[in-house]
Amino acid sequence: MAKRNVRKDDPLNLVPIMNLVTILIPVLLVAVKAVTLAMIESKLPAISNSPSPAEAKPEEPPLALKIIITQKGISINKESYGFLWPEGTPPQYTAEGAPPVIPCKNNRCENEEDYKFDELTTKLRKIRAEAESQNRFEDSSTNVVLLPDKYIPYRVLVRTMDAARGDNDNPLFPVVAFAGGLN
Amino acid sequence: MKKTRRIGSDDDLNITSMMDMMTIILVFLLKSVGASEVEVRTSDFLKLPFTTSDKPPVMAATVVIQKDQILVDGKSIVNLQSTPNPDFPNKQIFKVPDEEQMGLKIPKLFDVLAEKKKAVDQLASKVGGGGGIEFEGKMILQIDRDIPYSLMRDVMYTAGIASFHDFQFVLIQK
């Protein structure tokens, strides 16, 4: 039988490993994630048998925030004005045809950048803090309903949801639902 | 005096440093390979918006709303048409042609989604309660960033009446 003579000072044969690694690296380079995906959840509201809000309306209802997005800017529902301006709503917002709470420049939001999302986050923080101080922030108050105008692009909705969610340390309104829209 | 190193013709190439480098690159690449369950469709008509959310998406029926068509699990269902935005005439809006729509409902989309629910229900009834198969009503939505809310609302409404009520909007993490 032939016996292979291996000398002790022969170097380790790394060629097969090199072959493997050289193939693996291009394969992995192709499979590497160029973008990281994320998601935002939204559920359709469930139908319940509980009494309608008209029948069981408490005197001081908990915060139920709605954000209205139009081509003029971003507003909130009138019921939430008291949390934003606890000292009294400014007269121009109580009148008919009130301007948006966070208007765009020249009342015209043509692009995503025209909306002031940072200001929205600041105002939402104030609303949540005020609701908590009045003990009117319940579990359901983390919900926010978006009421966008029908031609508002999806990217603006996502930015609004991001602004309303807050961050992990200071969450604001992380649960999002969509209403039928303004028209 | 300058020392010259003699390299004999039978000397092996020293590849130790290259092996070191390769090993580090290999570990790095293995770590960054994506393990996401959800596959994003690539098309010129689909550009997902960016988000600050850090939740990863999970697998479910996928509806894609591109600028030119609506797809369910990769299959084209309805072609869309574009018209100028009445508010900003230099911009386009995208909508389902009127003949393809009944109020808010998009019948072709409804049929496909109802079929999907039926298939899961049938499978669940065959497997039985312990099989772990149950229709959960989950849906992944991949929507182009320029799609108007009116179209998105119609798709969500149609999905809602077909018993899909739990939506996940897939986005690109910032």
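## A buried glutamine in chain B

Q66(B) is buried, with a relative accessible area of 1% (buried means under 20%, using a 1.4 Å probe and protein chains only). This is a predicted model: local features need pLDDT of at least 70, side-chain atom pairs count only at pLDDT 80 or more, and totals for chains, interfaces and linings use all residues. Residues are numbered from 1 along each chain as its sequence is written, chains are lettered from A in the order in which they are written, and side-chain values use heavy atoms, without hydrogens and water.

Q66(B) lies in the loop between β2 (61-65) and β3 (69-72) of chain B (strands are DSSP E runs of at least two residues, helices H or I runs of at least four, numbered from the N terminus). Beyond four places in sequence, its contacts (heavy atoms within 4.5 Å) include R41(B), F45(B), L80(B) and I147(B).

## The interface with chain A

In chain B, 55 residues are in contact with 46 residues of chain A. The two chains bury about 4500 Å² between them, 65% of it on carbon and sulfur atoms (accessible area lost on being put together, 1.4 Å probe, summed over both). On the chain B side, F88(B), Y149(B) and F169(B) lose the most area, together 15% of what that side buries.

## Salt bridges and strand pairing

Two salt bridges link chain B and chain A (a Lys or Arg side-chain nitrogen within 4 Å of an Asp or Glu carboxyl oxygen). R155(A) forms one with D146(B), the closest N and O atoms being 2.6 Å apart.

Strand β1 (residues 37-43) of chain A runs antiparallel to β8(B), joined by seven bridges (pairing takes at least two DSSP bridges). Here K43(A) stands opposite D166(B).

Key: Buried < 20%, exposed > 50% of the residue type's maximum accessible area, 1.4 Å probe, protein only.
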